[in-house]
Structures are given as structure tokens and as C-alpha cells.
Amino acid sequence: MRQNLSSALICAALLIVSTAGTALGRENNQATLRLKVSLGERALRVHGEGGRETYKVAIGKQDHATPTGSWHIDRVDINPDWTPPEGEWAQGKEYKRPGHPANPMGRARLVFQPPYSIHGTDELDSIGKAASHGSIRLSNKDAVELARRVLQAGDSWESESWFKRMLDSSNEMRQIKLKRPVPIEITE
């Protein structure tokens, strides 16, 4: 009887531990943070860990539309490089290293459906417009803050000093794979 009671308590404890992630919204090893982009509003909304926030964004031009659908951000690049994608618009364009003044990726890139991503930009007048070749742009300041939140929610955060060291090395790209992918939904 005593052994059965002990076994029952152990099973109950294991059940509680194994379902805790689900109770916290971490089903399928996903982060509880969620990103939602409204192309019509040209807004990116962050829901979940750390509260809610809305960022104004630039979206794809009519002939290079931002795709709609649901994906997961599984990688964050700090000080990303830029390789011209295939496509007529990129003919004759050259690779831009991290930190290059003509690099269109800004300080952070959150990859969800290569070659599409959310990335920073210095072209602040493009924010709120259909101005990109399909990716979602936001100010470099906002891109860095969003990268911080996604890294934290994705269980790939080490420390504030670690993050600052990466940002300070502006000529060196760092790719960080998320342990927990962060869902992103893009709607019209």
C-alpha cells in the first residue's frame, strides 16, 4: 500500500511537471511571446511576455509584397550581413558585410521565412509605407528591442552584457538559434 501511494505521488508530480510547459503556453517547445503583423495597418504587435507593444513598420511594395501566413522566428541575427536575393530587382547588387553603411539589414534581423525577415533600417521615412522588397522593416532602435524580447522569450538570452557586447561588435554578425521558436502571423 505504501509503495502504491509513493508511486502514485511520483506519477502525479511527473504529470504536473510535464504539463507545466503547456499550462504556460509553451506547447510544442514554442515561446509564449507572439508577433502579429497587420499589413493594412502597417503595424507589428507583440503579445505575451513583457507586456504588449505596437511598432509601426514598413512592408513590401506592391510588386514585392510581404507574404501573409503563419510562421515561426527561429533565428535572430545581430549585426546581419546582406546577400542579394535572387530576383531581377537585385541584379548587379553586391554583398554587404555587417556594419557597412549601405547594408539594408540594420542592426538586427529576425528570420521567419527566408529570404523574408523583420529587420532594422536607418531609412526612417520608409516606416509606415509599402517600401521594402517583402520583408518587414522597423527602426534600428525598435529592431534591437524586439530582438532582445524575442531572444528572451526564445530561451536564447544570456545576459545584458552579452547582448551589449554583440551590439558593440557592429562589424561582426552573430546568429543566435532560438531554443523556443516565436510565432509570427502576418495578415492583410
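This is a predicted model: local features need pLDDT of at least 70, side-chain atom pairs count only at pLDDT 80 or more; totals for chains, interfaces and linings use all residues.

Q: What makes the approach of the S126 side chain to E123 a polar contact?
A: The side chain of S126 reaches the backbone oxygen of E123 at 2.7 Å. A pair of N or O atoms must lie within 3.5 Å, with one able to donate a hydrogen and the other to accept it; the 2.7 Å separation therefore meets the distance criterion.

Q: Which residues does S126 touch, not counting residues up to four places away in sequence?
A: They are A58, T121, A131 and R137; the criterion for contact is heavy atoms within 4.5 Å.

Q: How far apart are S126 and I59 in sequence and in space?
A: They are separated by 67 residues in sequence, and by 8.9 Å from C-alpha to C-alpha.

Q: What is known of the lining of the largest pocket?
A: It comprises 40 residues, with W82, N103, P104, M105 and H119 nearest the centre of the pocket. Elements giving two or more residues to this lining are β6 (108-113), β7 (116-121) and β8 (130-132). The largest share, four residues, comes from β7.

Q: How do the residues of this lining divide into nonpolar, polar and charged?
A: Twelve are nonpolar, 16 polar and twelve charged.

Conventions
Residues are numbered from 1 along each chain as its sequence is written. Side-chain values use heavy atoms; hydrogens and water are left out. On a 1 Å grid over the protein atoms alone, a cavity is a set of points where a 1.4 Å probe fits but cannot get out, and a pocket is an open set with protein on both sides within 12 Å along at least five of seven lines; lining residues have an atom within 4 Å of a point. Ala, Val, Leu, Ile, Met, Phe, Trp, Tyr, Cys and Pro count as nonpolar, Asp, Glu, Lys and Arg as charged, and the others, Gly among them, as polar.
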